[in-house]
Amino acid sequence: MAKNYKRKLKRKSREVQDTKFAQTTKGFVSKTKVKVGLVIIGVLLIVLAIYLFNRFKTYDGYKVVDKIETKSGESSKFTMFKGKLIKYSRNGISYLDGDTTLWDESYEMKNPTVDECEDYLCVADKNANDIEIFTKDGKKGNVTTTYPIAKAEVAEQGVVAALLKDKDVNYIEVFDKDGNLLVSHKSLLIENGYPLNFSLSDDGEKMMVSYVEVTAGAIKSKVVFYNFGSPGKNKKDRVVAQFKQYKDELVPFVHFTGESEAVAVSENRITVYKVGDEPDVDEEEKFQGEAQKVFYDDDYIGLVFKTKKGRKPYRVVVYNHNLSEKMNERVGLAFDNIKFADKNVLMYNDKNVLIMSKHGVEKFDHTFKKSITDILPLDSDTNFLITYNDKVEEIELD
């Protein structure tokens, strides 16, 4: 009985499926699926086309979008800060929004150098004793050091660290934005060697320093990590780690790329450190040849090498922070300046500029008629500020 009922039920089901309505419905659903599939494929093809167009698009020239007469003179330099233009020189600093001066501060410095982090910017007089601290609203404080400044960096809360040099002694001093001394660390050349470079973490609590010492005619290098917070409180001289794998390789470049990551570049290797309470080597890659220049942003590290003579005797290599190679291209000129500009690498000297994508596509190759002093990338990868001795132009690649 049950079997006969099941057979009748299956037969009725087949009869319903064979009706005109069921066939029409199935056909409609089938056509709809095809249409949806075609639309999805079409959208993907459009996205791919836009991606490929932008990736391989090149520019033959540029147009001037805006112009600012600066009357800056040869000693003035420029940098971007919080989306607006900073002009600084031996005599002072200005914050500019187009032709409008938002604020202007005077000082007297022989060799001003700038560093910025988040909301703070500092100007330090290299080989002298003065540091000025600013935000987008103007001056916030100043520091006077006991010994000449070799280098200064500012952290995200306005804390400033300075590497100071005396005859046979070096000092690392950390100040708050009001000029109060927070940390003073004395380093004897006979013990630690000569400091080549240093970097301060954004939170102002960690520092890395590269040293070189000469003993019996032999060179030895090391990278030392300091912690001015709780982890370094009970450590001698607040040293939490030392790395000596470099041996006789100089280490001229060190930099914190994040709160928990730092990079060091020696003559023959690049090292990524994992920086916690006890720093350690995360990745390390040796390379052939000596790096001529190092440049970086939040995601990538770039190196420039001199290769064998030829039409393009310089090699530009870009790594991500896992030290995976993302770009390896040769160029013809020894550019004085090289930096990342959004998705591209920007190379330039006083008249020549080359913009190359991280995929190795030459996006823009141009020779200016008039000498330029700097090029500053803006938010768009096609817009730049070109600075001259007497004016600043915003250009758009065309």
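Visitor: Why is Ala162 called buried?
Guide: Buried means under 20% relative accessible area, exposed means over 50%, and partly exposed lies in between, using a 1.4 Å probe and protein chains only. Ala162 has 0% relative accessibility, so it counts as buried. This is a predicted model, in which local features need pLDDT of at least 70 and side-chain atom pairs count only at pLDDT 80 or more, while totals for chains, interfaces and linings use all residues. Residues are numbered from 1 along each chain as its sequence is written, and side-chain values use heavy atoms, with hydrogens and water left out.

Visitor: What does Ala162 touch, not counting residues up to four places away in sequence?
Guide: Contact means heavy atoms within 4.5 Å. By that rule Ala162 touches Ile131, Lys151, Ala152, Tyr171, Ile172, Glu173 and Phe198. Ala162 is part of strand S11 (residues 160-165); strands are DSSP runs of E with at least two residues, helices are runs of H or I with at least four, and both are numbered from the N terminus.

Visitor: What makes His185 buried?
Guide: Its relative accessibility is 7%, and the limit is under 20%, so His185 counts as buried. It sits in strand S13 (residues 181-188). Leaving aside residues up to four places away in sequence, His185 touches Asn170, Tyr171, Ile172, Tyr226 and Asp237.

Visitor: Why is the pair Arg269 and Glu284 called a salt bridge?
Guide: A salt bridge is a side-chain nitrogen of Lys or Arg within 4 Å of a carboxyl oxygen of Asp or Glu. The closest N and O atoms of Arg269 and Glu284 are 3.2 Å apart, so the pair meets the rule. This pair links distant parts of the chain, with Arg269 in strand S20 (residues 269-274) and Glu284 in strand S21 (residues 280-286), 15 residues apart. Arg269 is buried at 5%, whereas Glu284 is partly exposed at 33%.

Visitor: How do you know that Asp342 and Lys343 form a salt bridge?
Guide: Their closest N and O atoms are 3.6 Å apart, and the rule asks for within 4 Å, so they qualify. Asp342, at 39% relative accessibility, counts as partly exposed, and Lys343 counts as exposed at 54%.

Visitor: Which other salt bridges can you show me?
Guide: Lys391 and Glu393 meet in one, at 3.3 Å from N to O, and both residues are buried. Asp203, Lys206 and Glu259 are linked in a network of salt bridges. A search of the whole structure finds 14 salt bridges.

Visitor: What makes a nonpolar surface patch of Tyr194, Leu196, Val214, Ile219 and Leu250?
Guide: Patches are made of residues with over 30% relative accessible area and no salt bridge; nonpolar side chains (Val, Leu, Ile, Met, Phe, Trp, Tyr) are joined within 5 Å, and like charges within 9 Å. Val214, at 61%, is exposed, and it lies in strand S15 (residues 206-215). The patch covers about 410 Å², with areas from the Shrake-Rupley method using a 1.4 Å probe, where for residues only the protein chains shown count as cover.

Visitor: What makes a space count as a cavity?
Guide: On a 1 Å grid over the protein atoms alone, a cavity is a set of points where a 1.4 Å probe fits but cannot get out, and lining residues have an atom within 4 Å of a point. Grid points are joined across faces, edges and corners, and a volume is the space filled by probe spheres set on the points. The count comes to one cavity of 30 Å³ or more, and the largest cavity has a volume of about 40 Å³. Its lining is Val353, Ile355, Phe364, Phe368, Ile375, Phe384, Ile386, Ile395 and Leu397. Strand S28 (352-357), strand S31 (383-387) and strand S32 (391-397) each give two or more residues to that lining.

Technical notes
1 Å grid on protein atoms, 1.4 Å probe; cavity = no way out; pocket = protein on both sides within 12 Å on 5 of 7 lines; lining within 4 Å.
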